Amino acid sequence: MLAKRIIPCLDVRQGRVVKGKRFQAIEDVEDPVVLADRYCREGADELVFYDITASAEDRGIFDEVVRRVSKVVNIPLTVGGGIATVEDFTRVLMAGADKVSVNTAAVRRPELIREAALKFGAQCVVLSVDVSKVGPDRWEVVVKGGRETTGMSALEWIKQGVALGAGEVVVNSIDQDGVRKGYDVEFLKQVTAAVNVPVIASGGAGALEHFEEAARVADVDGILAASVFHYGDISIGDLKSYLLSHGVAVRPLDHRFDRAAAGAAEAAGAAEQGGN
Amino acid sequence: MNDQAATPRKPIAIIDYGVGNIQNLINAFERLEIPAVLTADHDVILNAELSILPGVGAFKDAIDKLRNTGIDQVIQQRVREGRPLLGICLGMQLMFEASEEDGDWEGLGLLKGRFVKFDENMGLKVPHMGWNRLVKERQDPVADGLPEDAYAYYVHSYYLSGGDARDIILSSPYGVAVPGLIRKGSIVGMQFHPEKSGAVGEFLIRQVLAVLMGGTQ
């Protein structure tokens, strides 16, 4: 059985990690490579980097961030933000991404999902959907970081995206984002029941029990969060201990084993010196 | 185990045959400070202390590329001469008899067994993508010291069926016991991505290298 993945998300602008509460009042946090390395050591199961750059010339800076991060981390790396063409997929995959997420561009041109899945495989293509609750049982797709509504049913779009070849879905509730009142479990339940690919919950983490609720009640495969990790309100180690003690299968952080690996590294280093 | 013998004397050859993105595997060796070269040179692949067959993508495309470059023959010769080979993910799958990925394709036939698709009717999400627990099927030096609750990162839709049970060292539960690490003498295969499996992956890379290059049996 697969472990539920804990996924820190890092928004990057001009080479720095930022986090916007409701996509406004953007505040600078830290060096992406430093944060990535820290999360990796703390037990993150995957990292997501979003390029929230406004201009094309900053794209090269972002690619360089991905390149540097991929050299440091030993866990999967998903990259998104401004992915509009198959060439964009190639660009970030060459920089070191394992998976690529598409959002607004796929809403505009759904064929992008099919083209990318055919070229790189469905496991490479993550459909990221920003959703907003508009009625008692109605969620709609919003784009441009939550600034523009589309009138499309979010559930129908997710089903269509998976049919086109998306191998994973990130559901980002913009109503919950940065508010820290918990994930949109009601909608997530509908999504996990409707599609047969991994579903990642995003938007709303504020407390340990929010993660448990998403994992147990909505049965999502992964849980993404940003600010609670960036500001140190929740540590990944504490979160995993909490989830394990509440019966949620997560990959344990084994410090004994980290030392064993470090010991092997030292032994190999000593052997190398001995051999010279 | 002799520490000195476990140290690579010559660079490890990572076989470059034009499939997928294997930069992350190269990054892993750089992180571990293990010298390795990415090469398509037949002599280097044949004579390196250890050759690694990586791969991501489709089976048919990959086996065709191995044959078109003649690297398939070089690998066969290496194995005949008893020199170690490590296959990772799709590279592991290529070492077996066949794969049913979008057809029925013959592999290198170095090991017994074929790759079949996970059954979606069993309620499984396919591909098998994510962190899964490694279960020890048998004792082997490559898995010595691995904790009971170690996890590895998998991304694949086809798994080994009909393999020699004596060669399956680690498996992961996903509808079936999915062979995760196999070893037959100087041939090792890893179905998971060791370069993406955190400290566990790095630990297993070191162990496999020590066993294959150190002469431990």
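Is A:Arg251 buried or exposed, going by the other C-beta atoms within 10 Å? A:Arg251 is buried, with 28 other C-beta atoms within 10 Å. The views below come from a predicted model, where local features need pLDDT of at least 70, side-chain atom pairs count only at pLDDT 80 or more, and totals for chains, interfaces and linings use all residues. Residues are numbered from 1 along each chain as its sequence is written, while chains are lettered from A and ligands numbered from 1 in the order in which they are written.

**View 1. A:Arg251 and its contacts.** A:Arg251 sits in the loop between α10 and α11 (255-275) of chain A. "Buried" here means 20 or more other C-beta atoms within 10 Å of the residue's own, with C-beta atoms placed from the backbone (exposed is 12 or fewer, partly exposed is in between). Leaving out residues up to four places away in sequence, A:Arg251 touches A:Ala3 and A:Asp45, plus B:Trp131 and B:Tyr151 from chain B. A contact means that the two C-beta atoms, placed from the backbone, lie within 7 Å. A:Leu239 is 12 residues from A:Arg251 in sequence and 11 Å away in space, C-alpha to C-alpha.

**View 2. The buried side of helix α8(A).** In α8 (residues 208-216) of chain A, look for A:His210, A:Phe211, A:Ala214 and A:Ala215, which are buried. They cover an arc of only 130° around the axis, so they are on the same side of α8(A). That arc is taken from the directions that run from the helix axis to the C-beta atoms. Their cover includes α7 (185-194), β11 (199-202), β12 (222-225) and α10 (236-245) of chain A. Helices (H or I, at least four residues) and strands (E, at least two) are DSSP runs, numbered from the N terminus.

**View 3. An open sheet in chain B.** Four strands line up as β6-β5-β7-β11 (chain B), with mixed pairing. β6 (105-106) and β11 (158-161) of chain B are at the edges with a single partner strand each, so one side of each has no neighbour in the sheet. Strands pair if DSSP finds at least two bridges between them. β5 (residues 96-99) and β7 (residues 111-117) of chain B run parallel and are joined by three bridges; B:Ala98 has B:Arg114 in β7(B) as its bridge partner.

**View 4. A:Val169 in the largest nonpolar core.** This core has 162 residues, and A:Val169 is among those with the most contacts inside it. A nonpolar core is a set of buried Ala, Val, Leu, Ile, Met, Phe, Trp, Tyr and Cys residues joined through C-beta atoms within 7 Å. Not counting residues up to four places away in sequence, A:Val169 touches residues including A:Leu127, A:Ile158 and A:Val191.
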